[in-house]
Amino acid sequence: MSQWSQVQQLEIKFLEQVDQFYDDNFPMEIRHLLAQWIESQDWEAAANNEAMAMILLQNLIIQVDDQLDRVSQEKNLLLIHNLKRVRKLLQGKYHGNPMHIAVIISNCLREERRILAAASMPVQGPLEKSLQNSVVSERQRNVEHKVSAIKNSAQMTDQDVKYLEDLQEEFDFRYKTIQSLEQNDKNSTLIKQEMLALQAMLNSLDYKRKEVLSKIGRVIHEIDMLMSNMLTEELLDWKRRQQIACIGGPLHGGLDQLQNCFTLLAESLFQVRRQLEKLDELLTRLTYDGDPIPVQRPQLLEKVNFLLYNLFRNSFVVERQPCMPTHPQRPMVLKTLIQFTVKLRLLIKLPELNYQIRVKATIDKNVSTVSNRRFVLCGTHVKAMNMDESANGSLSVEFRHLQPKEMKTSAGSKGNEGPHMVTEELHSISFETQVCLYGLTINLETSSLPVVMISNVSQLPNAWASIIWYNLSTNDPQNLSFFNNPPAATLSQLLEVLSWQFSSYVGRGLNSEHNSTFELPGCSTEGTGHQSH
């Protein structure tokens, strides 16, 4: 039975994991139609051999052409359209870099094997169990429900503001009418009746202004509470799941759901901001003693702007951590003068921001004493975020041609390149940008997980061990001094990570029998130090 046939028989929770890593870079239609042929090719070897990769790319296009001829005879219009699109993609996107498609396919096949291995392992380790409850958590459903309720409340308040505007226009009309009548007879019974009616209308207007401000205040408070509590926890959970996935753990999801929540909250806050602007406009046309707008509006607007600043700052995330395409299973290990890729996403997806946000990448920007080595980034380190490159249309940017280059010391020589120091020094890649929208200017900054720099591939195993130990042991995304005093880990955690590594490379992890007999020199079941790796 082919690997793809086994994948299709998985439970839905595992199929959802498979769905996450097939996108427009390698469409699932091709994986399905060419399953046996794809599995019979050595994509892993081609990922490191350009000539071999070019041959496989040409053969892949031939296979697509054969499928296109077949479906053309069957007159399957939808499949014909999709295959033509895929053929154009393969020729246009990968012709100049055939190793890239080899890396992608090799990675997809390896991830399938890992998922198949995970599905066949009934015993879960402590790390996976600790994450499982947060994947589809009750809190996540509550967040989505509350975000939807907030959006509805903001829309209802729009109707109240419109009613208030109509009421004020009617008041203005009647007030001007009375002014024209007063010129003839100020003491007439009609004038007195109109004045009483006008006062009643002013009282109603005052009541409605207070009601609208109260509703706006409640919406702002609900957004504040949601952001401070549940949404922040959801984002932290996602970041922890990403850490574990980077060292071979279960594939992490949930970013699209977070994007939906962040976007709806941003839309609601901008809607409330427009409502406050409308109130200010109404204020310039009519005010009176005890008017609540000049007292409450400035405070509410300040709170809205504060929430928008925080929402945008939290929405700027590293969607895919730095990784050399030649070593997709070992992210965060970077070799000097070798290209790596990294992908950023803004979880607030607004059409107005498409191609308007330029992201700048730097390395060790805020590091002064942690490391003895200094690096600069060569290549295109400023790019615009857009919605075109992502399969799901998210607002993102992918840096594909960055290279770390070590700076020379003042003495003219490079820093300490001893194997121990190199693989236990952590560095930070930072990204900064600026959002200018509706009169607001917000500076955003985020960083990748700590990376290890190597100057020789012989340092790769030790560097990868450092990355594993860091992400296994801490939730802190930026503890660059971690190895000054690395904490211990339990043997059960270490065995779980080792099982993930076996799954990644041979398609089969450690089972309960392996775990019961596995022993590491110098390790106890309570904990073990970093030196054991």
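## Stop one: the end of a helix

Select R285 to start: with 36% relative accessibility, R285 is partly exposed (that label covers 20% to 50% relative accessible area, with buried under 20% and exposed over 50%, using a 1.4 Å probe and protein chains only). Before going on, know that this is a predicted model, where local features need pLDDT of at least 70 and side-chain atom pairs count only at pLDDT 80 or more, while totals for chains, interfaces and linings use all residues. Residues are numbered from 1 along each chain as its sequence is written, and side-chain values use heavy atoms, with hydrogens and water left out.

R285 and E281 form a salt bridge, with the closest N and O atoms 3.4 Å apart (the rule: a side-chain nitrogen of Lys or Arg within 4 Å of a carboxyl oxygen of Asp or Glu). Both sit in helix 12, four residues apart, or about one turn of the helix. Helices here are DSSP runs of H or I with at least four residues, numbered from the N terminus.

## Stop three: along helix 11

Next, pick K210 and D206 in helix 11 (residues 189-246), four residues apart and so separated by about one helical turn. Their salt bridge has its closest N and O atoms 3.2 Å apart. Is D206 buried or exposed? D206 is buried, at 17%, while K210 is partly exposed at 42%.

Then select D160, K208, E211 and K215 together: salt bridges link them in a network. By the same rule, the count comes to 23 salt bridges.

## Last stop: helix 11 against helix 12

Show helix 11 and helix 12 together. Their axes come within 11 Å and cross at roughly 160° (axes are lines fitted to C-alpha atoms over the stretch in contact, with angles from 0 to 180 degrees between N-to-C directions). That makes the two helices roughly antiparallel, a label for angles over 145 degrees. The residues of this contact divide into 22 nonpolar, two polar and two charged.

Note on methods:
Angles under 35 degrees count as roughly parallel, over 145 as roughly antiparallel, 65 to 115 as roughly perpendicular and the rest as oblique. Ala, Val, Leu, Ile, Met, Phe, Trp, Tyr, Cys and Pro count as nonpolar, Asp, Glu, Lys and Arg as charged, and the others, Gly among them, as polar.
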